[in-house]
Amino acid sequence: MKSVDEIPFVSFSVKVWKIMGFLYSPGFNIQRYFCLSINIVLNIFQFAYLCTEKKLDKLILNGYFTVLYFNSIIRVFVVLKNQKKFENCIQKLTNLYNNIEMHGDDYTVNILQSIGSRAYKFSIINHCLAITTGTSFLIYPVFTKMADLPYGLYIPGLNVTDRSTYYALFAYEVLVTPPGASLYIPFSNLFISFLLFYIVLIRILRYHIDNIVQHEEDTEQDERIVMKKLKIAIRYHQNLITFVDEFNSLVTNVCFIELIFFVMLLCALLFVLNIVELFPQICLSCLYIVLIMTQLYTVYWSANELTYESLKIHQTLYNCQWYNMSEKCKNLLIIFMIRASRPLEISAGNIYPLTLQMFQSLLNVSYSYFTVLRRIY
């Protein structure tokens with residue numbers, strides 16, 4: 001039996017948040033409050049900067065990281081508020097993983113391990129990429145010889161252009177960046193890992209459905225076996241629906257907030273490209289656009305794959321050898337097909353399903369707002 005720390009779907013992200021005290025750490029935890037406090041203080045001064053900055057290009061470019069840190073803090077508070085529920089979901093995933101690995105055949109175990117390996121590699125790459133990107137933004141002023149801080153800050157009573165103050169604040173931003181990335185990225189990694197695990201469960205279900213009727217000449221003698229297999233498949237599907245719904249209830253509000261942030265940021269960054277003149281700022285704007293689109297596309301693609309795979313269950317049921325079943329089994333199969341025709345979905349605010357079609361709609365809305373701003377400005 002593998003522990004949570006050994007399950008490839010969640011091990012990396014769980015280890016990171018264990019170290020930071022956000023998961024499996026009841027009561028007072030100094031790492032948790034240290035990581036949260038330094039990021040909250042930074043975010044407050046970032047918002048103060050946005051309230052005082054008059055140059056529109058700097059306002060929007062700094063607004064990107066302000067919203068990013070604010071979103072990270074929201075994610076962590078959601079996790080802390082629902083800590084037991086998140087831990088229960090992770091424990092369910094762990095139990096299912098161990099059960100499949102111990103009792104599954106070669107096909108199911110291979111699917112589980114191959115996709116689990118992909119999820120683990122994705123988590124590490126995504127986390128390293130986030131820290132590398134943050135580090136690149138930190139050293140950006142050094143190479144461009146700009147006097148601005150990487151993250152614009154306004155602290156009442158302090159002159160940030162003063163040499164000693166600038167170095168102190170720069171060191172503070174360097175200190176905050178790795179914990180800041182570790183607030184944001186593990187949530188995304190867990191989100192995508194859970195969706196990949198659900199896809200594994202769906203493929204295993206479809207595999208077992210294909211094997212419900214194994215012979216073309218099944219008779220009444222085999223009716224009880226077929227009926228038993230059908231009932232097991234239905235129970236499996238119902239548990240999968242419950243599992244997905246529980247996870248959706250934990251992330252749906254965060255998805256809705258990020259949906260709003262994405263439209264605002266993409267619209268604003270497209271607008272910045274029309275008003276900035278310095279080449280470094282143009283490069284930064286383009287990089288910010290690529291980053292937010294990549295992050296959101298990965299989430300929406302994974303959710304879309306879950307929906308797409310869940311709809312295949314209905315087709316798999318139709319393609320099985322139902323014509324060799326008894327009338328009783330056929331009736332049960334019809335009920336199963338009716339339920340399977342409803343896709344499994346992750347939604348934003350329990351309103352908008354996360355699909356690639358929805359992602360395209362967000363791009364269209366952002367561009368529409370951008371064209372309006374462009375005409376007005």
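Author: Contact here means heavy atoms within 4.5 Å. The model is predicted.

Reader: Leaving aside neighbours within four places in sequence, which residues is H237 in contact with?

Author: H237 lies in helix 7, residues 223–275. Its neighbours within four places in sequence are left aside. The contacts that remain are L205, I313, F336, R339 and A340.

Reader: Does H237 count as buried or exposed, and why?

Author: Buried means under 20% relative accessible area. H237 has 4% relative accessibility, so H237 counts as buried.

Reader: How are helix 3 and helix 6 oriented to each other?

Author: Helix 3 spans residues 56–81 and helix 6 spans residues 163–210. Their axes are 9 Å apart, and the packing angle is about 60°. Roughly perpendicular starts at 65 degrees, and roughly parallel means under 35. Helix 3 and helix 6 are therefore oblique.

Reader: Which residues of helix 6 meet helix 3, and how does the contact divide by residue type?

Author: The crossing of the two helices is left-handed. Helix 3 brings L68, Y69, N71, S72, R75, V76 and V79. From helix 6 come V176, T177, G180, L183, Y184, F187 and S188. The residues of this contact divide into 8 nonpolar, 5 polar and 1 charged.

Reader: Why is helix 1 largely enclosed by the rest of the structure, and which of its residues are buried?

Author: Helix 1 covers residues 11–20. Of its 10 residues, 7 are buried, so helix 1 is largely enclosed. The buried residues are S11, F12, S13, V14, V16, W17 and M20.

Reader: What residue follows helix 1, and what is its phi?

Author: The residue after helix 1 is G21. Its phi is positive, near 85°.

Definitions and conventions
Residues are numbered from 1 along each chain as its sequence is written. This is a predicted model: local features need pLDDT of at least 70, side-chain atom pairs count only at pLDDT 80 or more; totals for chains, interfaces and linings use all residues. Side-chain values use heavy atoms; hydrogens and water are left out. Axes are lines fitted to C-alpha atoms, for helices over the stretch in contact, and angles run from 0 to 180 degrees between N-to-C directions. Helices (H or I, at least four residues) and strands (E, at least two) are DSSP runs, numbered from the N terminus. Angles under 35 degrees count as roughly parallel, over 145 as roughly antiparallel, 65 to 115 as roughly perpendicular and the rest as oblique. A crossing is left-handed if the near helix is turned anticlockwise from the far one by less than a right angle, and right-handed if clockwise. Ala, Val, Leu, Ile, Met, Phe, Trp, Tyr, Cys and Pro count as nonpolar, Asp, Glu, Lys and Arg as charged, and the others, Gly among them, as polar. Buried means under 20% relative accessible area, exposed over 50%, partly exposed in between (1.4 Å probe, protein chains only).
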